[in-house]
Structure formats: structure tokens, C-alpha cells
Amino acid sequence: MAHPSVLPLVQCHNLELVGGKALGLARLMAAGFPVPPGICVTTEAYRQSLLASGFTLAEEWTHVSTLSEEERKVALSVCQARVRDADTSSLTAEWQAALQALNVPHTTSWAVRSSATNEDAGRTSFAGLYRTHLGVAIDGIDDAIKDLWTSLWQERVLRYAVERGGDHAIPSMAVVIQPMLDALVSGVAYSIHPVTGRSFYVAVNAVPGLAAPLVDGHVTPDQYIVQMGADQRPVWVRRRTLAHKTQRLTVTQDGLRSDAISVSAQSESSLSDEQLFELGAMAKHIEQAFGHPVDLEWAIDPHRLWVLQARPITGVSPSSQLTDDDCEWSRANFKETMPELPSPVGNSFLELFMDQYIVEPYRRLGCHIPNGLTSTRIFHGRPYLNVTLFHLLVAQLRGDPAQLPEQMGGEPIAAAPAVHPLGWLAFIRAGIVMSKEMRRATAHGPAWFAEMKTMAKHFGSEQIDALSFDETVRELDELSARFHRHELTFGIAGGVAQCLQALNFLLPRWLGSDWRVLSNAALQGQGTVISAQQILRLAEIVDIARHEPAAEAFLNAEPWNPSHFRTALKDTACLRAFDAYLEDYGHRGIGESDVMSPRLADNPEAILSVLRLQLGAAPVGQKEVLSRQERTSADALAEIKRRLGWRLDRWFMYRWWYRRLCRFFALREANRHHLMYFSTATRTLLLHLGDLLVTQEKCDVRDDIFFLTVQDRTDLVSQKNRDWRGIIRERRAERNRNAAIDVPDTIRDWETATTNSTISDRSHGTGPLVGLPISAGSATGPVRLLRSLTDWSHVKAGDILVAPVIDPGMAPLFGIAGGLIVEMGGTLSHGAIIAREYGLPTVANVEAVMTRLKEGQRVRLDAAAGTIHVDPCL
């Protein structure tokens with residue numbers, strides 16, 4: 001049976017007859033994708049036309065393949081001339097009739113494109129080797145067909161075929177003819193990243209008008225990366241690199257024309273996010289239909305998106321393996337306990353802590369962590385948490401990773417990675433291992449806490465003053481070894497997270513939409529959170545001062561000089577109570593997780609200023625505060641019980657999880673409180689080591705020690721000859737440079753963040769001031785912006801504190817504040833636990849609130865609803 005010379009595109013199912021491009025278009029049509037109608041002049045037409053002129057394809061191809069390079073050039077020129085001279089008059093009538101059957105206007109111009117049998121194949125694409133004719137009039141199609149036939153007989157095609165095709169069959173050329181589109185924008189798309197093979201990215205290149213200049217490599221396109229979710233749906237445009245575009249290629253009745261692009265549009269994006277999402281989804285749907293990654297040519301006309309070609313991606317294998325650059329990063333959690341710009345030693349210890357005491361335990365639970373993926377990364381001196389990694393870990397353990405932003409603070413993840421949960425046997429094993437960790441924390445926590453408190457006393461400045469360099473290093477090593485043996489953070493954090501996962505699952509179903517308000521209120525006034533107890537201790541000191549003339553006179557003096565407080569308060573009960581407070585809480589501070597950060601005991605004047613403010617405010621007794629907290633908690637519990645009604649099983653289940661959560665919250669804060677004793681002991685030893693290095697002329701000042709990392713200490717101890725002063729000077733200079741850079745709280749694309757000169761993604765915002773309720777209640781008062789410890793002295797009773805995060809070191813201010821609003825925070829943050837325990841109305845995760853609210857501006861805070869209303873009169 002003779003093969004047809006012309007076929008409608010929809011009937012092109014035989015590769016040897018229609019070539020790779022026509023076969024791909026037919027598959028697209030069959031799968032329901034939008035492809036312009038068209039015809040295919042088959043390889044049978046090519047073979048028969050040349051055979052009629054005496055041109056034997058197999059003999060000629062074999063002959064030229066064996067010639068030398070110079071001889072081949074001459075022979076190929078002869079072959080091309082013979083192809084152009086072939087008689088195609090009978091073929092012309094066939095394709096003209098086929099085009100008329102498409103029912104397009106007679107003024108239509110045409111796209112005439114190659115479809116060789118070796119084109120768009122699985123192993124070889126032959127992309128860009130054959131010619132394409134665009135904007136061809138009907139009377140120019142015959143010449144265009146012959147030109148495409150001759151393009152098969154080019155030196156570069158022959159060489160590519162021999163090198164890549166080996167002994168495969170001699171190629172033939174079919175031709176695809178379709179009406180031209182009035183393309184507004186066009187380009188190419190790759191269903192996987194064309195360089196890395198990442199299967200969760202779709203790469204898109206786009207230019208205004210027709211894509212010919214892009215395909216030919218004559219223009220730089222707009223380039224986009226669309227992130228795909230685990231369900232293969234577009235999530236967000238991860239990256240966009242916009243080119244400067246001056247010309248647009250368009251089609252007219254007379255052919256192609258290059259039009260100038262207006263100056264205002266030259267730097268605009270060629271595609272909207274909606275169009276990019278449509279392209280991303282279509283690329284993945286075609287990949288699924290074809291069974292392999294694809295490279296698409298596409299165009300958008302005034303009516304819709306069209307697919308013009310689909311071919312396999314060759315030379316790169318698809319991969320779903322995550323790298324750090326693929327992950328999303330947040331300052332959440334770290335920003336609450338580290339200073340805005342941590343020291344090099346602080347960052348290095350944080351990275352070590354996260355790897356050894358957070359990530360490694362997840363491995364012991366059986367979680368898979370992709371090779372090379374890290375939990376922490378430093379950007380312009382600030383540490384970032386890998387939220388993609390923790391999403392993976394929580395999901396593997398069959399938890400709900402959507403709760404992570406609420407618990408840790410920060411923004412929800414934009415693109416959730418594909419996750420394979422642990423099998424049920426592995427999950428049960430993980431549960432057993434985690435239960436052991438939690439029981440170990442509850443059983444050994446008190447003894448370990450007491451040991452850490454002893455460390456701070458044992459390694460006081462006076463006790464270590466006589467230690468030599470080697471002795472100081474040995475003490476630091478022993479301190480680290482003790483910490484490694486007893487560290488309990490993972491078990492404690494796991495207990496809290498387990499309780500929150502359970503309650504967050506049950507309470508919305510049982511209590512309704514305001515379940516979080518009731519849950520937060522029920523957690524007030526437990527009296528077991530050690531970090532919150534310091535607020536009551538300060539109130540107690542103020543009560544003592546009110547009844548002690550010397551103390552009251554000192555704190556109310558004008559002008560006030562707190563630096564002489566020990567002389568002014570000598571032999572007073574107020575001083576004894578204050579010293580007792582410093583012994584229990586003086587090791588805490590702002591940004592206290594960094595050993596470089598000063599402690600409250602280093603600057604007692606800041607706490608004295610808080611006492612002075614409280615003394616000047618209306619008296620609030622300790623019993624009154626405790627009574628208020630207990631009443632709030634009792635009312636919330638009563639309301640929860642009422643809503644649960646006759647379901648006593650639910651009430652008992654809630655009470656079990658509630659009591660367990662209260663225990664682990666208290667344990668978590670006790671752990672942090674006593675870890676700061678360990679941190680203080682380490683800080684004291686490091687400062688002594690700094691003094692010794694100054695003596696050895698390796699440092700200029702004792703604080704230089706904080707600019708050497710944990711890893712540097714190995715070289716330092718081994719007496720490795722390095723220019724330590726030069727290293728420290730450079731790190732100090734780098735820190736100063738970083739201090740001038742405003743970084744974003746969330747990095748969704750690390751590569752863009754590290755190359756983009758506009759680093760910060762923070763905005764002044766225009767939407768409503770809404771955030772995450774942390775501690776129920778309402779308050780109205782003036783805004784007091786807290787950027788550093790120096791702002792403490794400006795705080796007045798009833799102020800609404802506004803800060804970047806809920807630093808637990810801010811706790812002394814909670815006793816006089818009316819409310820608290822922060823840009824970043826979660827229910828699990830240490831500061832949130834303190835605010836909730838004390839009953840301070842608090843809302844977190846309020847976007848750009850530090851810039852949107854002004855100092856002294858009067859606001860009304862509704863912490864139950866998570867809303868902030870600005871008084872329009874001020």
C-alpha cells in the first residue's frame with residue numbers, strides 16, 4: 001500500500017512517514033492540547049520527488065558520509081542543487097488542496113517547518129540544525145519545502161547525525177505547514193530545569209511577538225523559573241530575569257516585520273504570573289502525557305495559549321533531589337533568641353547545635369535527609385532556618401507541617417516538596433524512640449538544670465582568673481562534653497510539638513473557630529514557667545521599694561543616676577532582693593543565644609530603669625496579677641468544658657493533653673533558662689581566653705575572641721601559624737558592612753537573594769494590621785517601638801510594645817506594658833510562652849509593623865482576634 005504524500009497533522013502517527021515534529025504535534029492534538037491546525041508533506045513526497053529526478057537517497061548519503069571534509073563540502077553542494085531542481089508540480093497540487101481544507105482566510109501567511117525522521121527523537125533532538133520559514137505566502141511554500149529538503153544535506157547535519165546517530169537509518173525530511181499566529185508573546189518552556197534537571201521547576205523563556213529571534217539566538221529573552229508543588233501544580237514564580245527588549249517580530253500580509261517596542265514597555269515582563277502558571281501547568285501535563293520531560297515551543301495570540309512543538313529533553317536527567325538552593329529559608333526562631341547581627345562564634349555554634357542536637361535526632365528517628373541539605377545557612381551575617389527541610393521532617397513523621405509557621409513564626413512555605421511518609425512499622429519505631437527521648441527529658445531535666453546553674457558559679461570571673469591558656473581550653477572542652485552528654489532540647493521540643501499537633505487537630509473540631517483564643521487563655525497563670533516568674537519577682541522588688549524610704553527615694557530621684565545604685569541602696573531589703581533577682585535572672589539577656597551578647601547582670605541599670613517605671617505607675621500587686629491569671633485560665637477551662645457538653649471522653653482527653661502541654665511548656669522554658677547558665681559559663685571562659693590571646697598578641701582586645709569560630713579554635717589550640725589579627729579585622733569589617741544591609745525575613749530563592757542588589761523584601765504594607773493571636777486580651781495605648789536595649793528607658797506603663805520579635809530577654813518589660821505586637825513569632829517561641837503565661841495581650845506575624853506604626857501613635861490591640869486598629873484621630 002502506497003504511503004500518502006500529504007496528511008492532516010492529526011493523522012501523523014508514523015515517525016518514518018511524518019518525522020519527529022509532526023508526530024509530536026499529532027500526539028499533542030490527540031491528548032487534547034491546543035495546537036494550530038495544519039498539514040504534513042510526508043517523507044514519501046520527499047523520497048518520490050527525488051527518486052523521480054534520479055537522486056538515490058541511500059547511495060548519496062552513504063557516499064558523502066565516507067568523504068573527507070573538503071570533498072564532503074563539494075558533494076553536499078551538488079546534492080543540495082539536485083534537490084532544489086526536483087520537479088514538485090504534482091505535489092504542489094496536493095498540498096494546496098490540503099491547505100484549502102483547513103478553511104483559513106486566503107490572505108493567511110504560513111509557517112513552514114522541518115520534521116525530519118531524526119528530529120525531536122529521544123536520544124537526539126537535532127534542535128536548531130534544520131531551517132524554518134515563517135510568514136510565507138501561499139506562492140512561496142513550494143520553494144520553502146525544497147529549502148527544508150536541502151537543509152538535510154548540510155555539513156553540520158551530517159556530522160551531528162554520524163556523531164550522535166551512529167549506524168541508524170538514513171534520515172528523511174517531512175515538512176509541517178501551519179497558519180501563522182498573531183503572537184503577542186512566544187518562547188520556549190522546559191518541563192524540568194534544563195541545566196540541573198530539577199523536576200520541580202519549569203523554565204520559561206519569552207519574547208514579545210514571534211519567537212524566531214529567540215530560537216535563532218539573536219535576542220536575550222525574559223527568563224522565568226516556575227516552582228511546581230508536590231501535586232505538579234504551579235505554586236509561585238520563583239525567579240524572573242527580565243531582559244531589555246527593543247524590537248518585536250510580527251507577521252503581516254507581506255511577511256515578517258520588526259516593530260519597535262515603546263520605551264516604557266522595554267523592561268516590562270513579557271508574561272503575567274497567570275500566564276506563567278498556565279505555561280507551567282501545561283508543560284507538566286504534556287510531560288505526563290508523553291512520559292518524559294519535554295521542551296516546548298509555544299505562543300500566545302489574542303485568543304489563547306498554543307503549543308507549536310514538543311520534543312524530548314536530551315542531555316540531562318530529571319531529578320527530584322533537593323539542594324540548599326532549592327529550599328526556602330526563614331529567620332523565624334533564630335531571630336527571637338539571637339541578636340540582629342550575631343557574632344561569628346555565635347553563628348558557628350548555632351550551626352553546630354542544629355546539626356548535632358536537632359537534625360541528627362531526626363535521623364535516629366528514621367527520617368531521610370537528602371545528602372548535602374543543611375538546617376542552617378548564613379546570609380549577610382544572619383542565620384536562616386531551612387523551613388523546607390523541617391517541612392520534610394514533620395511530614396515524614398506523619399505530622400502536619402502546615403502548623404510550622406504558627407509554631408515557629410514566619411511565613412508559610414510557598415512550595416511544599418514531595419514527601420514520602422515513614423512506613424507504619426518505621427513510624428511506630430520512631431514513636432518509641434521519641435517517647436524515650438521525652439521520658440529522658442522529664443526524668444533527667446531537673447538534675448541537668450541544677451548542674452548547668454552550678455556551671456555559671458563554678459566558672460565565674462574570679463574562679464577562672466588564674467587559669468592558663470591550655471587550662472582554659474580544657475575547661476571549655478569539658479564543658480562541651482558535659483553539654484553533649486546531657487542535652488535534652490530535642491526531647492522537650494518533641495513533647496511540646498506532639499501536644500500542639502494533637503490539640504490543633506482536635507480543638508477546631510470540638511470548640512469552633514475561636515478555639516485558639518480559649519486555648520491561649522487556658523494556658524495563663526500556671527505559675528510553672530520560670531521565665532515568666534521573673535516578671536512577678538520584679539513586681540515584688542517594687543513592693544519592697546514602696547515600703548523602704550531609701551529605695552523609694554533612689555528610684556524616684558531627679559536627676560537619676562543608676563550607676564551608684566549599690567551605694568545608694570546599701571544594706572536595704574530592696575538591694576538584697578535585687579541581687580537575688582540577678583542571681584536567678586542576671587544570666588539572661590537580649591539576643592542571649594549568642595555568647596557575645598551582654599547579660600542583664602552586665603547592665604543592671606536597664607533592670608533598675610524598669611523598676612523605676614513600675615514604681616511610678618499605679619501599684620499592681622503580685623497577688624492581683626496571679627489572681628487575674630488564674631481567673632482567666634479558670635474561665636477558659638470552664639467554657640471549654642461547657643462546649644464539650646456531655647462528651648466526658650473529650651473532656652478527659654483534652655485535660656490529658658492540656659496538662660501534658662503545660663508540663664512540657666514549663667520544661668521547655670526551664671531548659672532554655674538553664675541553658676543560658678551554660679552559655680554564661682562559656683562566655684566567661686571565652687572572655688578569659690580573649691584576655692590571654694591579647695597577652696600573646698594574637699588579639700587586640702578581649703572581645704576579639706567572639707570573631708573566631710568554633711572551627712577556628714582547633715587551629716588556635718594547635719598553634720597553627722595564622723594571621724589571627726588580620727582575620728579578626730576582616731571579620732569585624734564584614735560585620736560592619738552587614739550591619740548596613742537590611743535583609744529579608746524569608747528567602748524563597750537563595751540564588752536571587754545573593755545576587756539581587758535590592759536585598760530586603762520587607763514592605764511598608766497596605767493591608768489590615770492582622771497577625772497570629774499569641775495571648776488573649778485587649779489593650780489600648782501609645783505605640784513604643786523597641787529596636788534595641790536603649791529603647792527600654794522610653795517605655796511607660798500601658799505602652800503597646802512594637803518589636804521585630806518576642807525576644808525572651810524582653811520579659812522584664814511585660815510587667816508594665818499594655819500589650820505586645822511583633823513582626824515575627826510563633827506559639828512555640830520562648831517569648832510567646834512567657835507572654836501567654838503572664839497574660840500580656842500579644843499578636844505576632846504582623847507584616848512590616850515596625851514601619852507601619854509610628855512612635856506614640858495610639859492603637860487598640862485585640863489579641864483574641866489578632867487585629868490592631870489605629871486611632872484615626874492621632
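Strand β20 gives the largest share of the lining of the second largest pocket, three residues. The model is predicted: local features need pLDDT of at least 70, side-chain atom pairs count only at pLDDT 80 or more, and totals for chains, interfaces and linings use all residues. Numbering runs from 1 along each chain as its sequence is written, and side-chain values use heavy atoms, without hydrogens and water.

The second largest pocket has a volume of about 940 Å³. A pocket here is an open set of points on a 1 Å grid over the protein atoms alone, where a 1.4 Å probe fits, with protein on both sides within 12 Å along at least five of seven lines; lining residues have an atom within 4 Å of a point. The volume is the space filled by probe spheres set on the points, which are joined across faces, edges and corners. The lining has 35 residues; Glu-340, Leu-786, Arg-787, Ser-788 and Pro-804 lie nearest the centre. β20 (800–805) and α30 (849–852) are the elements that give two or more residues to this lining. Helices (H or I, at least four residues) and strands (E, at least two) are DSSP runs, numbered from the N terminus.

| Class of lining residue | Count |
|---|---|
| Nonpolar (Ala, Val, Leu, Ile, Met, Phe, Trp, Tyr, Cys, Pro) | 18 residues |
| Polar (the others, Gly among them) | seven residues |

Four strands form an open sheet in the order β15-β16-β14-β17, with antiparallel pairing. Pairing requires at least two DSSP bridges between two strands. β15 (376–379) and β17 (746–747) are the edge strands, each pairing on one side only.
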